[in-house]
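Here is a friendly briefing to read with the model open beside you.

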Amino acid sequence: MKDKIILWLGTNLTYFGLAKSLQDKYDCDLFAIVDITAKPKKFFQEQEIVRFKKIWFYHDHIHKNHIVDVKYLQVFEEKYKINLWLLAQNERIFYRFNQFHKFSSDEILSILEQECKLFEQVLDEAKPDFLMIYMPTLHQIQLFYELSKARGIKILVLRSTPFGYRYMITQQAEKIHNNSMITNNNTRSYEDLLSYLKEYDSFKQGNDFLSEFQNSNLQYFKAIIKFFFTSYSNVKSHYTYYGRSKIRVLSKMLVYTIKKKSREYFMKKNLITQINDQSPFVYFPLHIEQEQVLLISAPFYTNQIEIIRHVTKSLPVGYKLFVKEHPVMSTRGWRSISEYKEIMQIPNVVLIHPSLKSENLIKKSSLVITINGTSSIEAAFYKKPSIMFANTDNSYLSFIEHVESIDELPKIIRKSLNKEISIERLNQYVDFIVKNSFELDLGGLENKVTNYFYFGGFLVDTEIYVDSMKKFLKDNETPLNILADEFIKRLSVLKQT
C-alpha cells in the first residue's frame, strides 16, 4: 500500500514545490488542502505538475450567514480536546489586528464550525498516514494540525532552530525533543560553542531576508496598478478579505507608509542606539506582533507591554530592564508611537533601537527574559541565564527557568541571577540540534516565491501561470530536493515507530 500524505498549501508555494519533489522521489498518494486567494485558484484547478489524488479548496467550504450549530462545536471540543476559543481569540483576522472588519462572536463560531466539518470530512475521505506542514501561523492550520494529531495521524512539521539557516522536521509544532533524545558526544569549549552560534547567525539570516522582502519600489508600483485595474472578488468569497474595498485598501496602504516613516523617525530620535549606562540590567527582547511565536505558541502571553510591567515589578533594586524592538517589525510597519511611549513611561525601563544587535545586549546583561524567543538559548552561549514564559522545548534546560505562575516571578528572577550555565547541558543541546537539523536558506526560497509570483511580496492575489511555476521549480530544484529528502528521511523513521 502506498503511503497517503496530505499537505497544507497556502500562498507560500514552497510546499507546492515540496509536493513536486516528493512525487518525483517517493511512491505515495498526495492530497492537499489549498488555502489561497481567488486568482491563483485556477492554477491549482488546472495544473498537472503535481498529480494530487484530491484537493479541497478551503475557502469554498466557508460561507457567510451560516447558522451556528453550537451543540456540534461542543461535541467536537469534547471529542478532540481542542479549545476552539483559544484559537479564535488569537487569530489575527478575527481580533485586534484586522483594520477592515469586526467579526461578531456568531461569525467566528460559524467559521469554526464549517472548518471543523470540512477537516473531519477531509480526514475521513483521504485517511492520510502523514500530514506534512509548516509551523502553523493561522488558526485554521493549527486547528487542522491539532485534529490530525488527535486522530493519530503522524505529523511532520518543518520548523526553525535557534541557529540561522538550520531547520528541523519534528512530530510536534511546539516541541522538538525530550530528555531521552539527548546525546553528549562533544565537549566543546565556550569559545567553540560561540563560534558555532556565529557561524549560523540567526541575526544575519533575518537581515538577509529583510534585504530582499518588499524592497523594490518598481514592484510596489506594479502591484498597485495590478490591484487597482483588475477584478477583485475575494471580498465576497474569502472571510479574510471582508470589508476590503479597493479604495479602503489603497487608503490604508498610504496611511501605513506615512505611519511607518513617522515611527522610524520617532525611534531614531528617542530609542537608545548605544549602551553607555554601566548599571546592571535584565534584557527583554520584544517579539514581532501578529506572529505564530506569540499567537499560537504562547497564547496566554500576547500582551507584551503587560509582561514588561510584570517583569519591572519583579526586579531587584539596582537592576534596570532593557527592552529592544525586533528588527523584523519593519515588515509590520513597526509598532504605534503610542505603544513605544507607553513602554518608555514604565519606570526603570530603557527602550532600545532595533538596529542594536541582540548579541551586544546579551553579552552585557545579567539575565535574559523572553516570552518565547531564541534569545533564551543564545544567552547560554554567553554564559547568561534566562527565563521563559512559554512552556516550549527549551524550557527543560537547567539554565532556562520557566514561569509557571506570574506570582513567582520575583523569586525566579533572583534565583536566575545567581545561576551558572552548564556547559555540558549546552553541548548536549547543540549536539542534538546538529544531529537532527539540516542546512537550508528557507527565507531565501520564500523570497524567490514572492519575486516570481507576488510582485516582491506586495500582492498575493495574482494569477499563477504553469510556465512560471515550471521555471520556478527548475530554478529551485536543489533546495526543494533537499527539503523533500529530509521529509522522506523523517517519514521513514516514523514508519518504524
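**Salt bridges and their surroundings**

Glu-463 has a relative accessibility of 28% and so counts as partly exposed; that class lies between buried, under 20% relative accessible area, and exposed, over 50% (1.4 Å probe, protein chains only). This is a predicted model, in which local features need pLDDT of at least 70 and side-chain atom pairs count only at pLDDT 80 or more, while totals for chains, interfaces and linings use all residues. Residues are numbered from 1 along each chain as its sequence is written, and side-chain values use heavy atoms, with hydrogens and water left out.

- Glu-463 forms a salt bridge with Lys-226, and their closest N and O atoms are 3.0 Å apart; the term stands for a side-chain nitrogen of Lys or Arg within 4 Å of a carboxyl oxygen of Asp or Glu.
- Lys-226 lies in helix α9 and Glu-463 in the loop between α19 (442–453) and α20 (466–475), so this pair ties together parts that are 237 residues apart in sequence.
- Helices (H or I, at least four residues) and strands (E, at least two) are DSSP runs, numbered from the N terminus.
- Lys-226 is partly exposed, with a relative accessible area of 21%.
- Arg-96 forms a salt bridge with Glu-289, with 3.9 Å between the closest N and O atoms.
- Arg-96 sits in the loop between α4 (84–89) and α5 (105–126) and Glu-289 in the loop between β7 (281–285) and α12 (292–295), so the pair ties together parts 193 residues apart in sequence.
- Glu-289 is buried at 11% relative accessible area, whereas Arg-96 is partly exposed at 42%.

- Arg-309 and Glu-306 form a salt bridge whose closest N and O atoms are 3.0 Å apart.
- Both residues lie in helix α13 (residues 304–314), three residues apart, which is about one turn of the helix.
- Arg-309 is partly exposed at 25% relative accessible area, and Glu-306 is partly exposed at 29%.
- Salt bridges that share partners also join Lys-198, Asp-201, Lys-357, Glu-359 and Lys-363 into one network.
- Across the whole structure, a search finds 29 salt bridges.

- Phe-221, Ile-225, Phe-228, Phe-229 and Ile-247 make a nonpolar surface patch of about 550 Å².
- Patch residues have over 30% relative accessible area and no salt bridge; like charges are joined within 9 Å, and nonpolar side chains (Val, Leu, Ile, Met, Phe, Trp, Tyr) within 5 Å.
- Accessible areas come from the Shrake-Rupley method with a 1.4 Å probe, and for residues only the protein chains shown count as cover.
- Helix α9 (residues 217–229) gives the largest share of the patch, four residues.
- Ile-225 is in helix α9 and is partly exposed, with a relative accessible area of 35%.

*The six-stranded sheet*

- Six strands form an open sheet with parallel pairing, in the order β9-β8-β7-β10-β11-β12; two strands pair if DSSP finds at least two bridges between them.
- β9 (349–352) and β12 (400–402) stand at the edges with a single partner strand each, so one side of each is left without a neighbour in the sheet.
- Strand β8 (residues 320–324) pairs with β9 in the parallel sense over four bridges, and Leu-321 stands opposite Val-349 in β9.

*Helix α21*

- Buried residues in α21 include Pro-479, Leu-483, Phe-487 and Leu-491.
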